[in-house]
Structure formats: structure tokens, C-alpha cells
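Welcome, and please open your viewer.

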Amino acid sequence: MRKRERKRNDRLDSFSSHFVAAIPLAGWVLFGVLPLLMAGVIAFTELHTTDMRDMKFVGLQNFITILTNADEGRTYASYLSTLIFSLNVPVTIGVALYIANLINRTRIGKNFFRTIFFIPFVCSMVVVSMTFRMLFAKDGGMINTLLENLGFEPVNWLNSTPMTFMVIAILLSMWSGIGFCILLFQAALASVDASYYESASLDGATPFQMFWNITWPAISPTTSYLVTMRLIGSLQAMTETYILVGGGANPDAPMWGNSAAYVSDTVVKHIYNMIFEMSYKYGYGLAAAAGWILAIIILIITRANLKWQERWVNYDF
């Protein structure tokens, strides 16, 4: 009886374990694998509605259209916007490291400053983006109101020049994500053995030499992780620019060069516009192809970044 009861309990435990493990697996298959496979199929078709029966097989035409920039210049312009927006990565990493070092040197108020910088990270990106949109609004914006009170003319920050818009978008991304970077850098800096600095100081090393030869190698794994994750996030960015211009395609926004693309269109936002704003013209097939091309580009860049990081990331500290 005891053996039977033990076997029954073992079977019940095994079933429970497999059932619990199957829940996230089912979610991954349902919301990850299946949409990926569907996007792979749709990328080779022409489809302008949600009715799958309207699909028309076009082969590689969608990929050719994207790669040859045959959609009125919008695709290349969106990649240019995404590339410039990705400049927030080195800026955020550098500023976060500097602030984290300052906070670690502070004897009082560490938790206060850490909390202040971390608050934007836990806030919704929509809320943060709306805040920046209200700050830089042409009519009634807080910054323009201040300028008017000082006797200056209001500035159309979000629609004046492409660079002005991208600088604001980069500041927005930096402000929303810098708290997380500071938190990780603080932990990395605190884990560096103080004896290294003491020995270097006795040898007459300068602060820069101690940073370059001790601090930087010690925090390089953390830096590598933050660079990789921030870069992937920047290449997939949409919310920031979408909220700043107040929605989808914005015909009043300035253009990059002679292209017909809107300055706020990152690649993901351009894909969104192809599906929801201009489905009658582009459709799901072209958007799916653009999504696959973006995924391949992110994979290549991430792989190259990880390969490059093998030269400077140090795991011996």
C-alpha cells in the first residue's frame, strides 16, 4: 500500500510539475512562435485586411520593395531616424556611469537620489512621453510659457527641425531609462574591491589611471549588458516618437532630406503606419517583411556587438 501511495504521489508531483512548466511554454508558443510563423507566411503575400482569405502570394516582392526603398523613400528614412535615435545609448550609458559614481561617493542621501533617478524608469513610457510632449508643446507648453515670460518668442520644438525633434526624443529616452542604468552601475561599482584602489594609490596612480585600469574592467560586464539591451530597445523604439507627435503619420513634420518619410517615423513606427494608418496602400505583407528585415538586422548587430565586446569585457574581477 505504501509503495502504491508513494507511486501515486510521485505521479501527482510529476504531473503538477509538468503542468506548471507547460503554462509559460504554452504562452510562448501561443504569443511568440505562432505570430512569428504567421508573420513569416504573410511576408510573402499581399494582404490589406484581416481576412486571411484575401492573401495573394507575391513571393519576394515585399522584401524587394523594402530593400530597394521603393515605398516613396519612407523605409530608408525610418532607418535613418532609428539610427540617430540610437545615439541615446552611449549618451545614457556615459551619463548614468557618471551619476552612479557621484552617488556612490555621497555619504548621505544615497537612497534619496537613487529613488529620484529611478522613478522615471518605473513610470509608463506613455506617461513620460506625454510629459515631454506637454513640456515642449508650442502652444501652452511649460518651456514656451517660460520663454514668453522672459520676452522670447515661442519655439515649435517638435516640428521645427528634424534634429530638434530627435534631440528631444533622445532626451526622453535617456530620462526614462537612466535610472535602471544608474542602479546597475551602482551595484557594479560597489562590488569593486577597495584594495585595488589602495594598492594603485600607493603606486602613485592617477584617478584616470585607476578608472581605466581598475574601475572600467571591473564594470565592463555590466556595461556590456546595458549597451546590448539599450541598443536592442532603441532599434525597436516607437512609443517615444509616436506620443511626441500625437499619434500616427504626421504630414506636418519635417522630412529627412528629400524623402517622403516623417521625421518621427522609426522603423517600428513605420511598420505600425503600414498596417494601421496606410493599410490600403502598404498592407500587412509589406509590414511583415519589414518586421523580418528589422529582426535580422537586430540579430546581426547584436551578434557583432557581442563579438566586439569579447575584446574589452573582463570577467576576472
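## Stop 1: a patch on the surface

Start by selecting Phe31, which sits in helix α1 (residues 2-42); helices here are DSSP runs of H or I of at least four residues, strands are runs of E of at least two, and both are numbered from the N terminus. Before going on, note that this is a predicted model: local features need pLDDT of at least 70, side-chain atom pairs count only at pLDDT 80 or more, and totals for chains, interfaces and linings use all residues. Residues are numbered from 1 along each chain as its sequence is written, and side-chain values use heavy atoms, with hydrogens and water left out.

Is Phe31 buried or exposed? Phe31 counts as exposed, at 67% relative accessibility; the cut-offs are under 20% relative accessible area for buried, over 50% for exposed and in between for partly exposed, with a 1.4 Å probe and protein chains only.

Now extend the selection to Leu25, Trp28, Val29, Leu30, Leu34 and Leu37: together with Phe31 they form a nonpolar surface patch with about 750 Å² of accessible area. A patch takes residues with over 30% relative accessible area and no salt bridge; nonpolar side chains (Val, Leu, Ile, Met, Phe, Trp, Tyr) are joined within 5 Å, like charges within 9 Å. Areas come from the Shrake-Rupley method with a 1.4 Å probe, and for residues only the protein chains shown count as cover.

## Stop 2: the whole chain

Zoom out. The chain has 13 helices and 2 strands. Of its 317 residues, 38% count as buried. The accessible surface of the chain comes to about 18,800 Å², and 66% of that belongs to carbon and sulfur atoms. Taking contacts (heavy atoms within 4.5 Å) between residues at least 6 apart in sequence, 72% join residues at least 24 apart.

## Stop 3

In soluble globular proteins, nonpolar side chains tend to be buried together. Select Ile271 and Met274 next: they have the most contacts inside the largest nonpolar core, which has 21 residues. Such a core is a set of buried Ala, Val, Leu, Ile, Met, Phe, Trp, Tyr and Cys residues joined through side-chain atoms within 4.5 Å.

Which elements give two or more residues to this core? Colour α2 (61-67), α10 (207-235), α12 (267-277) and α13 (283-309) to see them. The largest share, 8 residues, comes from α13. Around Ile271, look for Ala287, Ala290 and Gly291, which it touches when residues up to four places away in sequence are not counted.

For a second, separate core of 18 residues, pick Val89, Ile103, Met174 and Ile219, which are among its members.

## Stop 4: aromatic rings

The structure has 12 aromatic pairs. Rings of Phe, Tyr and Trp (its six-membered ring) pair if their centres lie within 6.5 Å, and planes under 30 degrees apart are stacked, over 60 edge-to-face and the rest tilted.

Select Phe118 and Phe121, a tilted pair with 5.3 Å centre to centre and 45 degrees between the planes. Both lie in helix α5 (residues 110-122), 3 residues apart, about one turn of the helix. Phe118 is partly exposed at 23% relative accessibility, and Phe121 is partly exposed at 37%.

Then show Phe211, Trp216, Trp308 and Trp312, which form one aromatic cluster.

## Stop 5: around Ile143

Move to Ile143 in helix α7 (residues 142-149). Ile143 is partly exposed, at 25% relative accessibility. Leaving out residues up to four places away in sequence, Ile143 touches Leu135, Phe136 and Trp157.

## Stop 6: salt bridges

How many salt bridges does a search of the whole structure find? It finds 3, where a side-chain nitrogen of Lys or Arg must lie within 4 Å of a carboxyl oxygen of Asp or Glu.

- Asp51 and Arg53: the closest N and O atoms are 3.0 Å apart. Asp51 is partly exposed at 28%, while Arg53 is exposed at 73%.
- Lys269 and Asp265: 2.8 Å, N to O. Lys269 is buried at 0%, and Asp265 is buried at 1%.
- Lys307 and Glu310: 3.7 Å, N to O. Lys307 is partly exposed at 46%, and Glu310 is exposed at 53%.
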